[in-house]
Each structure stands twice: as C-alpha cells, then as structure tokens.
Amino acid sequence: MDILTNADLHCHSVVSDGTLTPEALAQRAKANGVELWALTDHDELGGQARAIAAARAVGLPYLTGAEISVTFLDITVHIVGLGMDPDHPELVEGLRATRGGREQRAREMADDLARVGIKGAFEGALRYVGNPDLISRSHFARHLVDTGVCKDIPEVFRKYLTEGKPGFVPHRWARLGDAVRWIVGAGGVAIIAHPGRYAFTPTQEYALFTEFKGHGGQGVEVVTGAHNASDVVKYTGFCTEFDLAASRGSDFHSPDESHTDLGQLPDLPGHLTPVWSLLSSRVH
Ligand code: AMP
Ligand code: MN
Ligand code: MN
Ligand code: MN
C-alpha cells in the first residue's frame, strides 16, 4: 500500500454536486490509472454502496469517504473522512443534521438572487440536483451558466454566491470537533481538505490545525486540484510540524468543469507518510 502512488481520495458524484454517477467515476478512475480511489460526496454517504460495488467491478481498490462541511471561526472548512463504516449511526445522523439546512438556505439564496433580477433560481438549480437533500451552490452555478447569466462556473463564483455577492447566504455547518469525532468513531481517518483555499490569517490557520489535532484528526491534503506548487511546499511543512499524514485527491466534479481529472495529479512528496498507510485494513 505504501508504494502505490496514484491514489485519488477526493471526488464528487451526482449524489452531491458532481455530474457523473459513482459507476462512471469508478470506470474513469480505472481508465486514468488510479490505484486507490475514494468517492467523497459532500455531507452524504448515499453513494458509498454503489461506489464499493463499481470499484470492485473494475478491479479498483476503494476506501469509503465523505467531505463534511464545517464552520470554524466563521469560515467554511471541509473535512474529508476516509475508511469509515458508512452505516455507523452517529456518523449517519451527524451528516443528516449537517445536510438539513440546505433546502432553506437554497430558497434564501434564490430570494437574494431575485433581488438583483435573477428570478426562478431555486427551481432552476433543482433541475441539476441528483439528490434532493443536497442542493448546493454548484447546482445554482450550473443554472446561471446554462441560462447565460455567466459564461462559466468561475465567473459565477466571482460575481455571485460568495461572501458579499448576490446569492450568498451565510450558513452554520457542523462543528470541527463533531465532524472529526463522527469520522474517527466510525473507524475512519479525518483529513483537512484543500487547506490552501481558506481565507484564514496565519494565526487562525494555526488554530485550525492545532484544534483539529486535538480532536483526533490525522491527515491533511497536500496534493489536490486546488493547490499550486507553493501550497504543496507549505502543507508538506505542516505535515512535519503537526505530525500529520498526507493525502492526495483531485476534487474532481465534472469532465466539463474540473481542470484536474481523476488521478491526474503530482505525486506526494516522497518523505511524507501517506494517509493510506493508516488505512490498509479499510480497503475494499
Ligand atoms: P456548498 O456546499 O453548497 O456551499 O457548495 C460548495 C461547492 O461549490 C464546492 O464544493 C465547489 O464544488 C463549489 N465551489 C465553491 N467555490 C467555487 C469556485 N470558486 N469555483 C468553482 N466551484 C466552487
Ligand atoms: Mn463541491
Ligand atoms: Mn471542498
Ligand atoms: Mn470536494
């Protein structure tokens, strides 16, 4: 397990805000040379049984996964869990509660977009939703592109749906300690997702890593679709400083939208401990 290099442990299906089914993702991962795969839908384990079966059907080693939305110091942070029992009651209930506010939030997002003349966005976004429990900003973004409001998804997130822009609704997600405990309690490993994407000050970021460790977190994504070379250097240093294992994942959502395809990532720096060395007993 330690010597495999092409692990891709972060992506999304139609069960959250990706556009491919778990089956299509398994086939694409295999075709792209992925050697260990995890489907990590947002706040949702509903795709895990399909992903396990699809990975087995194409001969691809698989770890269960989810990406949990957390609010830490008023900023949204994503915690990836790998290797959990997807039927563990506290994890299942915690994710159900975390998903719970999404429909109301989406209605408020649509109301805010209507204020600037964009009508019908709730119904529009719903047409892209594969799982009615999991309406997300990505579904609104697809609607705004397909109706010509914006030319592409990055333009949507520059002009709408983000702090200070029309369609942004602040939301309180799970607490950091709860998310880590749900993952660890279900037999998994908790990982800070794409740390280079958060707008923390250095002091706040230090607090995130310190508290995450204190709650039992064990890993950080070092190589992800969202990181540039200097992010990789920075979070390689954090692995040493905080004694964390390193993860690697594309965060692939869609062939039409994601610039990093499944398995198309740089290798982890060689001296780091890969998270999968902690998870060999959890591989399907
Ligand atoms: P939500 O969980 O509803 O807040 O939606 C968050 C999702 O929106 C993320 O998981 C991404 O898929 C997408 N997203 C957020 N910011 C951006 C961005 N700047 N560009 C593209 N997608 C984004
Ligand atoms: Mn997403
Ligand atoms: Mn994320
Ligand atoms: Mn993700």
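A residue counts as near a molecule if one of its heavy atoms lies within 4 Å of it. By that rule, the residues around ligand 1 are Asp17, His42, Arg102, Arg105, Ser136, Arg137, Ser138, Ile153, Phe157 and His253. This is a predicted model, where local features need pLDDT of at least 70 and side-chain atom pairs count only at pLDDT 80 or more. Residues are numbered from 1 along each chain as its sequence is written.

Now look at the polar contacts (pairs of N or O atoms within 3.5 Å). Arg105 puts a polar side-chain atom 2.7 Å from an oxygen atom of ligand 1. For Asp17, a polar side-chain atom lies 3.0 Å from an oxygen of the ligand, and Arg102 has one at 3.0 Å from a ligand oxygen too.

What about the shell's make-up? By class, it has 2 nonpolar, 4 polar and 4 charged residues, with Asp, Glu, Lys and Arg counted as charged, Ala, Val, Leu, Ile, Met, Phe, Trp, Tyr, Cys and Pro as nonpolar, and the others, Gly among them, as polar.

Finally, step back: domain 1 (7-99 + 176-282) and domain 2 (102-159) both give residues to this shell, so ligand 1 lies between them; the domain bounds come from an automatic or database assignment.

Conventions:
Chains are lettered from A and ligands numbered from 1 in the order in which they are written. Side-chain values use heavy atoms; hydrogens and water are left out. A polar contact is a pair of N or O atoms within 3.5 Å; within protein, one must be able to donate a hydrogen and the other to accept it, and residues adjacent in sequence count only if both atoms are side-chain atoms.
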